[in-house]
Amino acid sequence: MQTQYWHIHSEQYPDSAAIKEAAAFLRKGKTVAFPTETVYGLGADARSDSAVQRIFDAKGRPPDNPLIVHIADKKQLEQLTPSVSVEAERLIERFWPGPLTLVLPAKPHSVSDKVTAGLATVAVRMPNHPIALALIRASGCPLAAPSANRSGRPSPTAAAHVMDDLQGRIDGVLDGGPCGIGLESTVVECGEHGLTILRPGGISMEQLREVVPEVRLDEALNLHSNSNAVPRSPGMKYAHYAPKGRMIVVAGTSMERVREHIQHELNAAAERGERTGVLAFTEHMNWYEANAVLSYGSMHDPSKATQALYSALREFDAQGIEYIAAEGWPEKGLGLAVMNRLGKAAGGNVIIV
Ligand code: TXA
Ligand code: MG
C-alpha cells in the first residue's frame, strides 16, 4: 500500500487542498493519520466496520482494546450517546475542545462494534487542533482514532514517527508539525457512580477537581498500591510505550539518591557491555555518564517537558541504546500521567529510592 504524505503549512489550514483530499480518503473508508494537540491519531470512519478494521490491522492492535471517537462539535455527541450527566457536561464546557476523553453510555449502532470492542460505552473526545477539527468537519464522519503507532510502541508526536511505524500500512499522513502536549488525553469514565480517571493524561486530576471535586482515580493506576485491581480501561492492561532497550525509572524525594542509584545502574549495564542511555531533566544532564543523555526539558516547566518524552524513547532506539534509566517525576499535575507512561515503558520497573 502506498502512503500518501501531505505537508500542511500552518497558514494554509483549515481549508487546504490536502485536508479536502484526506477527508475524501476517509469517506472512502481509508485510514489517515493526523495531528492532534496530544499525539498523532490514526483516523477512520467510526461507523464503518471495514474502515475501523484497517486501523486494527495497521497497528497490530488487540481487538478487545476499544478506540476513541473524535468529533468536531457537540451535535456529533448527541449521535453517539443518549445521555450526558451534569458532571460530564461541566467537564465538556470547561475542557472541550481539549485533551479530555469521556467514556459515556453508547447509543446502539451509532458506531461500529469494533470501535467499542462490544462494550456498552463509547469514548469520545473533541481535539483542540485546527487540522484535526478541519479534517473531522470536512470528512463529515466521527473519526475513530487511536494513537498512530504500531501497537506497543511509543505514541507518535511528529509525522516522522508515524511514517517510521506505519508507512506502507496506512493510506495517508497529514503532517502538521510536532504535537504541543506530547502525551495522550485524560480518559474519564462517566458512570452511574460518578467520574473516574481511567488513564491520566493532558488534563491533570487537579484541573478536573476544580470543576468536579469528586473525580476519583481508578485504583489500578496507583503505582504504590499493592492491590491487584484490573484497569477498567482495556488499553491500560497492555505493555505500552516501550522502547527497544530495557528500561528502569528511578524516583524519590532526594535527587541525590536518585542520581546515585541511576549512575550505579548505568555503570553496571556498561560493565555488561550494554550501550546506556539516561533521560533526565535539563538541570541534571551533566550528572550522568552514559552513551546517550537526553533531556525532558527543564524541571521548572513540566508542561513543556511532556513534549520530549516519547521522542526521547524513540531516539534511544535510533541510537541503539540497550539500557535506559529515567529520572522519575513528582506525581502531581502532569507528573501523574508522565509517571504512568514511564512505568509502562519500563514494564513496571519503577524504583523508589
Ligand atoms: O490523546 C489521545 O487520546 C490520542 C489522540 C489520537 O486523540 N488517542 C489515543 O487513543 O490515545 P488510544 O487508542 O491510543 O487510547 C485509547 C484509550 C485506551 O486505553 C482504551 O482502552 C481507552 O482509551 N478506551 C477507549 N474506549 C473505551 C471505553 N469504552 N471504555 C474504557 N476505556 C476505553
Ligand atoms: Mg495508544
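In the predicted model, helix α11 (residues 309-318) and helix α12 (residues 335-345) pack with their axes coming within 11 Å and crossing at roughly 20 degrees. Since angles under 35 degrees count as roughly parallel, α11 and α12 are therefore assigned to that class. The crossing of α11 past α12 is right-handed. On the α11 side, the contact is formed by Leu-309, Tyr-310 and Leu-313; on the α12 side, Val-338, Arg-341, Leu-342 and Ala-345 take part.

Aromatic pairing was examined next. A pair of aromatic rings is described by the distance of the centres and the angle of the planes. Six aromatic pairs are present in the structure. In one of them, the ring centres of Phe-281 and Tyr-296 are 5.0 Å apart and the ring planes stand at 45 degrees, so the pair is classed as tilted.

Another aromatic pair is formed by Trp-287 and Tyr-288, with a centre-to-centre distance of 6.1 Å and an angle of 65 degrees between the planes. The geometry of Trp-287 and Tyr-288 is edge-to-face. The relative accessibility of Tyr-288 is 6%, and this residue therefore counts as buried, the threshold for that class being under 20%.

Charged side chains also lie over aromatic rings. Lys-30 is placed over the face of Phe-25, at 4.5 Å from the ring centre. For Arg-272, the charged end sits over the ring of Tyr-323, at a distance of 5.7 Å from the centre of that ring.

The surroundings of a further lysine, Lys-74, were also characterised. Lys-74 is located in helix α3 (residues 74-80). With a relative accessibility of 35%, Lys-74 counts as partly exposed. When residues up to four places away in sequence are not counted, Lys-74 touches Glu-89, Ile-92, Glu-93 and Met-126. The C-alpha atoms of Lys-74 and Trp-96 are 9.5 Å apart in space, and the two residues are 22 residues apart in sequence.

Conventions:
Residues numbered from 1 in each chain as written. Chains lettered and ligands numbered in written order. Predicted model: local features only at pLDDT ≥ 70, side-chain atom pairs only at ≥ 80, totals over all residues. Heavy atoms only, no water. Phe/Tyr/Trp six-rings, centres within 6.5 Å; stacked < 30°, edge-to-face > 60°. Buried < 20%, exposed > 50% of the residue type's maximum accessible area, 1.4 Å probe, protein only. Lys NZ or Arg CZ within 6 Å of the ring centre and 35° of its normal. Axes fitted to C-alpha atoms, helices over the stretch in contact; angles between N-to-C directions. Helix = DSSP H or I, 4+ residues; strand = E, 2+ residues; numbered from the N terminus. Parallel < 35°, antiparallel > 145°, perpendicular 65-115°, else oblique. Left-handed = near helix turned anticlockwise from the far one by under 90°. Contact = heavy atoms within 4.5 Å.
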